[in-house]
Amino acid sequence: MPLTLNPRAEALAVSGIRQFFNQLVDYPDAINLTIGQPDFPTPEKVKQAGIEAIAADLTSYSHNAGLLELREEIAAFFSGRYGLTYEPKTEIIATNGASEALDSVFRTILDAGDEVIIPAPCYTGYVPIVSLNGGKAVLLDTSDTGLVPTAERLKALITNKTKAILFNFPSNPTGVTISKEQMAPLVDVLKQHEIFLISDEIYSENSFESNHESFACFDEIKDRTFLVQGLSKSHSMTGWRMGFLLGPAQYMAHVLKVHMYNSVCASLPSQHAAIEALRNNRDAPEEMNRAYKERRDFVYGKLIDMGLDVVKPSGAFYIFPSIEKYNMTSFEFATRLLKEGGVAAVPGSAFTEFGEGFLRISYAYSMETLERAMARMSEWIKTLE
């Protein structure tokens, strides 16, 4: 009998982001605007806390949910920053990045055939993680509603198989945020159904125009809401793999078991670094955001000058211009921009079919890099007119 693999794993494709990033090896002179990773170093005191933990041999296992001291700091942060109350011992888990938090939740709640509604365009990792856990992703089109989901479309997609909805604001790939006024009609729909809400708020500290609003602030749905957060973007700690998961105790007890068998616990030196980040370095995102806003305004202005239609992002570090008027697929557009224009960006189709007609540009790069990239892109755009 031949060896076989999990067909769900075999069906996975390399994400469109990585497809274009991997092409850069063939175009060494191209300017890369594909990856969403802060170009700032981890704050010095946070790094030092990790170094000191290693030097003190704090490199063993912790409690499966993470150090209680860390969970208390997470609770204090969410209380002070967002007015949200969580019990450190029963409602918070430190995870290996936000990705593992999402995986642990879906492993816990999904049964075969369950449906998860996801507003799209959406992050490339969402649909695969739902599929791997036996669920079916149902996409909610936002491409023609200002990249924000509407209550009407949400209501139309809910069936007796709907198990959860996954929100992500500020959004990757669009950079769009959502106001409390925009959230309220969605919550009005959700409170009428027995549906879990998973809110990926990893970019919450990268909100530019106003304070971030969390779906967990609505009391009528908090008892079924999982809040995903972490330090990758806010403190430039992508490689530290430090995520947080917060949710109702009755469900978190089961998520903890899944997390335990999945990864045991988060890295202990990273947990000690996270304590320092939350206790004494809460202002780190403000410094980065000043640079992101300057970069955003520059790139937005240049794209407008090129004649592109684009929603000005108010969070994260992505911008998502429409390239529909050029009558080519986003994959073709991005490929030609790379080969002919010397700039690497990600085709909107990488973010589901509802991203077709768009291009994702990351401005998590230096102003010098962005200036060169926009000059190249502007010259190339002229050849299409």
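Student: Which residues of α11 are buried?

Tutor: In α11, the buried residues are Leu268, Pro269, Ser270, Gln271, His272, Ala273, Ala274, Ile275, Glu276, Ala277 and Leu278, where buried means under 20% relative accessible area, exposed over 50% and partly exposed in between, with a 1.4 Å probe and protein chains only. Before going on, note that this is a predicted model, in which local features need pLDDT of at least 70 and side-chain atom pairs count only at pLDDT 80 or more, while totals for chains, interfaces and linings use all residues. Residues are numbered from 1 along each chain as its sequence is written, and side-chain values use heavy atoms, with hydrogens and water left out.

Student: And what covers the buried residues of α11?

Tutor: The cover includes α3 (44-55), α4 (68-82) and β8 (243-246); helices (H or I, at least four residues) and strands (E, at least two) are DSSP runs, numbered from the N terminus.

Student: How far apart are the end C-alpha atoms of α11?

Tutor: They are 18 Å apart, which agrees with the 18 Å that the 13 residues of α11 (268-280) should span at 1.5 Å a residue, the expected span being 1.5 Å times one less than the number of residues.

Student: Switching to rings, how many aromatic pairs are there in the whole structure?

Tutor: A search finds 18 aromatic pairs, and rings of Phe, Tyr and Trp (its six-membered ring) pair if their centres lie within 6.5 Å, with planes under 30 degrees apart counted as stacked, over 60 as edge-to-face and the rest as tilted. One of them joins Phe226 and Tyr251, whose centres are 6.4 Å apart and whose planes are at 55°, so the pair is tilted.

Student: Where do Phe226 and Tyr251 sit in the chain?

Tutor: Phe226 is in strand β7 (residues 225-230) and Tyr251 in helix α10 (residues 249-263), so that this pair links distant parts of the chain, 25 residues apart. Phe226 is buried, with a relative accessible area of 1%, whereas Tyr251 is partly exposed at 27%.

Student: What about the rings of Tyr292 and Phe317?

Tutor: Their centres are 5.1 Å apart and their planes at 50°, so that pair is tilted. Tyr292 lies in helix α12 (residues 284-305) and Phe317 in the loop between α12 and β9 (318-319), and both Tyr292 and Phe317 are buried. Ring pairs also link Tyr292 and Phe317 with Phe40, Tyr203 and Tyr318 into a cluster.

Student: Which charged end sits over the ring of Tyr86?

Tutor: That of Lys222, 4.3 Å from the ring centre, and the charged end of Lys180 sits over the ring of Phe218, 5.8 Å from its centre. A charge sits over a ring if NZ of Lys or CZ of Arg is within 6 Å of the ring centre and within 35 degrees of the ring normal.

Student: Another spot, then: where is Ser171, and what is it in contact with?

Tutor: Ser171 lies in the loop between β5 (162-168) and α8 (180-190), and at 6% relative accessibility Ser171 counts as buried. Leaving aside neighbours within four places in sequence, Ser171 is in contact (heavy atoms within 4.5 Å) with Val176, Ala316 and Tyr318.

Student: Last one: how many helices and strands does the chain have?

Tutor: The secondary structure comes to 14 helices and 12 strands, and 56% of the 385 residues count as buried.
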